[in-house]
Amino acid sequence: KVVLCSTEGRALMSMDHASFISSMTPAAVMDWIACQILPNEEDEIEGILRSPQVVPRMGKQYVDLYISAFYFDEKDVIRWILDNRGAYRLRHSCSLIICGIGGR
């Protein structure tokens with residue numbers, strides 16, 4: 001739950017999200033699994049494991065759009081909420097109003 005969100009905090013959220021997404025690619029997951037199962041036998045890992053399909057429930061764009069809305073001015077936040085009212089929960093919109101607009 002977002003309680004307070006400064007400009008620096010928004011930037012950190014964006015960087016954290018980008019870092020998380022890059023670490024969840026199938027290749028990154030396979031590397032992690034390989035290190036956990038066969039830390040010294042990289043050649044054998046290809047025959048044992050198949051590449052996992054990582055499909056986030058909402059996706060990267062869903063989170064990116066929400067984080068970027070914290071940068072909007074009051075008028076644009078209200079427009080964003082109206083345009084996306086079916087895609088996000090009410091608590092997300094409330095956080096945008098309280099922390100995004102009200103936190104400035």
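**Ground rules.** I am working with a predicted model, where local features need pLDDT of at least 70 and side-chain atom pairs pLDDT 80 or more, while totals for chains, interfaces and linings use all residues. Residues are numbered from 1 along each chain as its sequence is written, and side-chain values use heavy atoms, without hydrogens and water.

**Entry 1: α4 and α6.** I looked up how helix α4 (residues 60–69) packs against helix α6 (residues 90–101), and found an angle of about 30 degrees with the axes 10 Å apart; helices here are DSSP runs of H or I with at least four residues, and axes are lines fitted to C-alpha atoms over the stretch in contact, with angles from 0 to 180 degrees between N-to-C directions. That makes α4 roughly parallel to α6 (angles under 35 degrees count as such). The contact (heavy atoms within 4.5 Å) is made by Tyr62, Tyr66 and Ala69 of α4 with His92, Ser95 and Leu96 of α6.

**Entry 2: the buried face.** In α4 I noted Tyr62, Tyr66, Ile67 and Ala69 as buried (under 20% relative accessible area, with a 1.4 Å probe and protein chains only).

**Entry 3: rings.** My search of the whole structure gave five aromatic pairs (ring centres of Phe, Tyr or Trp, its six-membered ring, within 6.5 Å; planes under 30 degrees apart are stacked, over 60 edge-to-face, the rest tilted). Tyr66 and Tyr88 are stacked, at 5.9 Å centre to centre and 25 degrees between the planes, and they lie 22 residues apart, with Tyr88 in the loop between α5 and α6.

Key
Helices (H or I, at least four residues) and strands (E, at least two) are DSSP runs, numbered from the N terminus. Angles under 35 degrees count as roughly parallel, over 145 as roughly antiparallel, 65 to 115 as roughly perpendicular and the rest as oblique. Buried means under 20% relative accessible area, exposed over 50%, partly exposed in between (1.4 Å probe, protein chains only).
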